Amino acid sequence: MRTAVFSTKSYDRRFLAPAAEAAGHALTFFEPRLSPETAVLARGFPAICSFVNDYLTAELLGQLADGGTKFVALRCAGFNQVDLDAAARHGIRVTRVPAYSPYAVAEHAIGMMLALSRKYHKAYNRVREGNFALDGLLGFDMHGKTAGVVGTGKIGAIVAQLLACFGCEVLLYDVVQKAECAAVGRYVTLPELFSRSDIVSLHCPLTRETNHLIDRRSISTMKPGVMLVNTSRGALVDTQAVIHGLKSGRIGYLGLDVYEEEADLFFENLSEQVIHDDVFTRLLTFPNVLITAHQAFFTQTALEQIANVTMDNLTACESGVELIHEVQASAGKK
């Protein structure tokens, strides 16, 4: 199937190109993000492949449909960036990659916890500058701490298992409870999780119900000095509320791999430019904040799986068989 691939970097080509050749698909790579301004590039392609920060609005989907596109293959798990109702109206089917390497994201979340606690990033820079003093690097043991995991899907379940291995008391919250997770932790209400946890790690999808799940009200119920880690979706966190929490000391450590306004920042080299997002630059001024640029998924295993599942989705669409990874309008309203 002829497919226009948007938001591509060298690493996308490295993994997608051989997977496409093996599956018999013809990919045309475009570096720009998919937007109403770049949609003309997709004209004549029956399928497009987009990434997490390509926002497929009703307007954009209409342009794609007018250009002959009938299929969207998301090479990511999240689909909140797609207007699924508009896609259905235009007869465009949408698939995703529901699970690539949950270990990649889970391990990154644990890594952020360790880096924040033991201040690895600060120690690294100090030693390179010849500063071997330990003042300001005091950390805490993970063992014995209470860690709350919000969302116990595949990633959250692994995070819970890893935290249990550290000797943490693990509190869990999800609308669907799993026996395997209950074996390593205890399901509680969200208010109890927030009030009792020394560490809160977010692993839930972005829906109407979870948008700004972390706001001033929820932060006010957390332990003073709590560690908050988000490797899931940026808009789970109200950034202004988090800044207030950092200033007040209610949040003692913040680890973010996602940011609600990341689309104009992440995946690009802006080192020679002025960043105009004042909220983001304010986050960077706090010494107890660690930010990575949507990097948690970025392992060889995950990228291989993303490429292979994306090609499987294209093959299924072209062959007219069941799209097992299809997302529809009802899915976005759960």
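## Helix packing and sheet layout

Helix α4 (residues 102-118) packs against helix α6 (residues 154-165) at an angle of about 45°, their axes lying 8 Å apart. That makes α4 oblique to α6 (angles under 35 degrees count as roughly parallel, over 145 as roughly antiparallel, 65 to 115 as roughly perpendicular and the rest as oblique). This is a predicted model, in which local features need pLDDT of at least 70, side-chain atom pairs count only at pLDDT 80 or more, and totals for chains, interfaces and linings use all residues. Residues are numbered from 1 along each chain as its sequence is written, and side-chain values use heavy atoms, leaving out hydrogens and water.

**The α4 and α6 contact**
- P102, Y103, V105, A106, E107, A109, I110 and M113 of α4 meet K154, I155, I158, V159, L162 and L163 of α6 (contact means heavy atoms within 4.5 Å).
- By class, this contact of α4 with α6 has twelve nonpolar, no polar and two charged residues.

**The six-stranded sheet**
- An open sheet with mixed pairing runs in the order β2-β1-β3-β4-β5-β13 (strands pair if DSSP finds at least two bridges between them).
- β2 (26-29) and β13 (326-327) are at the edges with a single partner strand each, so one side of each has no neighbour in the sheet.
- Strand β5 (residues 93-95) pairs with β13 in the antiparallel sense over two bridges, and V94 stands opposite V327 in β13.

**Strands β10 and β11**
- Strand β10 (residues 226-230) pairs with β11 in the parallel sense over five bridges, and V226 stands opposite I251 in β11.
- In strand β11 (residues 251-256), six of six residues are buried (under 20% relative accessible area, with a 1.4 Å probe and protein chains only).

Terms used:
Axes are lines fitted to C-alpha atoms, for helices over the stretch in contact, and angles run from 0 to 180 degrees between N-to-C directions. Helices (H or I, at least four residues) and strands (E, at least two) are DSSP runs, numbered from the N terminus. Ala, Val, Leu, Ile, Met, Phe, Trp, Tyr, Cys and Pro count as nonpolar, Asp, Glu, Lys and Arg as charged, and the others, Gly among them, as polar. Buried means under 20% relative accessible area, exposed over 50%, partly exposed in between (1.4 Å probe, protein chains only).
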